[in-house]
Amino acid sequence: MRIAMIGTGYVGLVSGACFADFGHSVCCIDKDSAKIDGLNAGRMPIWEPGLEALVNANAEHGRLTFTTSLHEGVKDAEAVFIAVGTPARRGDGHADLTFVFEAVRELAKVIRPGTVVVTKSTVPVGTGDRIEEILGEEGVTDVSVASNPEFLREGAAIADFKHPDRIVVGAGDERAQEVLKEIYRPLFLNRAPILFTGRRTAELTKYAANAFLAVKISFINEIANLCEVVDADVQDVARGIGLDNRIGPKFLHAGPGYGGSCFPKDTLALLQTADKFGVDQRIVRTTVQVNDDRKAGMVDRVERAIGGDLKGKRIAVLGLAFKPNTDDMRDAPSIPLIEALLERGAEVSAFDPVAREQAEKVFTGIEFAANAEQAAADADALVIVTEWDEFRALDLKRIAGALRGKVLVDLRNVYDRDDAQAAGLAYYGVGRGRLERD
Ligand SMILES: NC(=O)c1ccc[n+]([C@@H]2O[C@H](COP(=O)([O-])OP(=O)(O)OC[C@H]3O[C@@H](n4cnc5c(N)ncnc54)[C@H](O)[C@@H]3O)[C@@H](O)[C@H]2O)c1
């Protein structure tokens with residue numbers, strides 16, 4: 001198949017490279033010329049395991065090309081995917097569809113009859129209908145518009161794309177279904193379930209999936225709060241409930257609250273849809289509140305752990321990206337924590353294995369260290385915010401030696417209290433027994 005991908009960000013680039021790897025001919029389009037120039041020179045705009053090798057191998061085979069020209073990119077395409085950003089609109093949290101509609105209007109000028117237009121971006125219910133209308137307004141009628149939401153996770157994006165739990169396709173007409181079946185055939189043969197639904201159903205499925213995962217995270221975070229009062233261990237509670245097949249073990253890790261480019265904005269957008277149609281989603285509404293409070297409350301944990309005022313204290317922060325194996329800083333829990341630390345007069349020395357470049361665009365007035373030990377040097381406490389693998393195997397004795405205050409605030413529960421204490425550190429995890437004992 002000949003595929004065009006409009007938007008070469010996280011989703012567009014990973015999807016484009018994987019489609020090319022399936023044997024399709026893919027042209028990735030982006031209006032950011034620096035990004036396209038970089039990709040044409042073999043440089044990745046994002047840090048994602050395995051991406052560089054996959055992109056460059058497919059580019060060398062001529063199956064994957066990059067351009068800033070939408071006309072050039074879509075001229076021979078049988079399917080055009082839209083994978084542009086749909087950020088939260090400032091103020092009300094509605095999904096901002098400006099990029100989507102801009103792309104559609106541009107597309108309308110060059111699209112050939114018979115093409116299938118597929119939204120991969122996460123878009124509210126009814127966006128496919130609006131795209132069809134816009135194309136009609138521009139005089140384009142003989143095209144199909146389908147929804148194919150993407151479920152990949154950053155940090156495991158290629159594996160997720162190639163071994164998805166399911167593929168959801170919302171397409172009203174047979175032509176769109178046939179084209180998408182053909183595009184996903186390699187996965188289909190591997191028995192990845194492909195689910196054909198109505199277009200609106202597909203659009204809503206994506207929001208429902210992310211909202212449900214956000215609920216799960218917030219749920220375990222609230223249970224963690226209770227654990228800290230009743231002297232129970234949330235890790236064991238999570239395991240105890242997660243082994244129940246009806247619940248499942250994933251997304252039951254208590255921590256500093258969810259962040260990233262999807263959950264925060266998608267939960268807000270779902271609430272906007274709920275408002276628009278007058279059907280309140282109370283569980284999701286509460287989840288958003290719980291998570292906002294959670295992120296804002298992390299600074300108090302640090303303050304409590306050092307035993308008082310943060311003014312003049314030096315705090316080492318390990319992990320800045322919103323999760324491991326990515327350099328994505330969007331809505332990362334590290335942001336409100338570090339901002340609050342600075343506001344309360346603390347100095348911050350931070351280390352992240354790959355996100356420094358992105359983090360430098362976000363933070364001013366913090367020091368960036370070259371490794372965990374350097375970050376810890378002379379700090380009053382060490383706070384683990386993102387659970388990179390390399391932070392799971394720190395030499396705690398050395399860390400304790402480097403620290404001025406022997407305090408470990410483990411917001412990801414990667415260490416055991418006993419191990420930390422054996423290394424001479426006071427340990428503050430999340431939801432791991434009564435706080436006073438710490
Ligand atoms: N990042 C994820 O993990 C993830 C997972 C599933 C779904 N999604 C959804 O996928 C969509 C894209 O997310 P992302 O993280 O890849 O965004 P991103 O910001 O990384 O990339 C979007 C790209 O689109 C480009 N763009 C915008 N308008 C354009 C236009 N008119 N023509 C050409 N290029 C244009 C931008 O320059 C940018 O490079 C969003 O709706 C998001 O919710 C993201």
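A pocket here is an open set of points, on a 1 Å grid over the protein atoms alone, with protein on both sides within 12 Å along at least five of seven lines, while a cavity is a set of points where a 1.4 Å probe fits but cannot get out; lining residues have an atom within 4 Å of a point. This is a predicted model, where local features need pLDDT of at least 70 and side-chain atom pairs count only at pLDDT 80 or more, though totals for chains, interfaces and linings use all residues. Residues are numbered from 1 along each chain as its sequence is written, and side-chain values use heavy atoms, with hydrogens and water left out.

**View 1. The second largest pocket and its lining.** This pocket holds about 210 Å³ of space; grid points are joined across faces, edges and corners, and a volume is the space filled by probe spheres set on the points. The lining runs to 16 residues, and Ser25, Cys27, Thr65, Glu72 and Gly73 lie nearest the centre of the pocket. Two or more lining residues each come from β1 (2–6), β2 (25–29), β3 (64–67) and α4 (70–74). Helices (H or I, at least four residues) and strands (E, at least two) are DSSP runs, numbered from the N terminus. Sorted by class, the lining has 6 nonpolar, 5 polar and 5 charged residues. For that sorting, Ala, Val, Leu, Ile, Met, Phe, Trp, Tyr, Cys and Pro are nonpolar, Asp, Glu, Lys and Arg are charged, and the others, Gly among them, are polar.

View 2. The largest cavity has a volume of about 30 Å³. Around it sit Ser121, Thr122, Val123, Ser147, Pro149, Ala202, Glu203 and Lys206. Helix α10 (residues 199–230) supplies the largest share of that lining, 3 residues. The class tally for the cavity lining is 3 nonpolar, 3 polar and 2 charged.

**View 3. Phe66 on strand β3.** Phe66 lies in β3. Is Phe66 buried or exposed? Its relative accessibility is 9%, so Phe66 counts as buried; buried means under 20% relative accessible area, exposed over 50%, and partly exposed in between (1.4 Å probe, protein chains only). Leaving out residues up to four places away in sequence, Phe66 touches Thr8, Leu13, Cys28, Ile36, Leu39, Asn40 and Val55, where contact means heavy atoms within 4.5 Å. Cys27 is 39 residues from Phe66 along the chain, yet their C-alpha atoms are separated by 5.7 Å.

**View 4. Helix α3 and what covers it.** In α3 (residues 51–60), the buried residues are Leu51, Leu54, Val55, Asn56 and Asn58. Their cover includes α1 (10–21), α2 (33–40), β3 and α7. Just after the helix comes Gly62, with a positive phi of about 80 degrees.

**View 5. Asp160 and its partner Arg153.** Asp160 has its place in helix α7 (residues 157–162). It counts as buried because its relative accessibility is 14%. A polar contact of 2.7 Å joins the side chains of Asp160 and Arg153. Such a contact is a pair of N or O atoms within 3.5 Å; within protein, one must be able to donate a hydrogen and the other to accept it, and residues adjacent in sequence count only if both atoms are side-chain atoms. With residues up to four places away in sequence set aside, Asp160 touches Leu152 and Arg153.

View 6. Helix α8 (residues 174–183) has Ala176, Val179, Leu180 and Ile183 as its buried residues. They cover an arc of only 95 degrees around the axis, so they sit on the same side of α8; the arc is that of the directions from the helix axis to the C-beta atoms.

**View 7. Two loop residues with positive phi.** Most residues other than glycine have a negative phi. Phe251, in the loop between α11 (234–242) and α12 (263–277), has a positive phi near 60 degrees. Phe251 is partly exposed, at 26% relative accessible area. Asn325 is found in the loop between β9 (314–318) and α14 (334–343), and its phi is positive too, near 65 degrees. Asn325 is partly exposed, with a relative accessible area of 31%.
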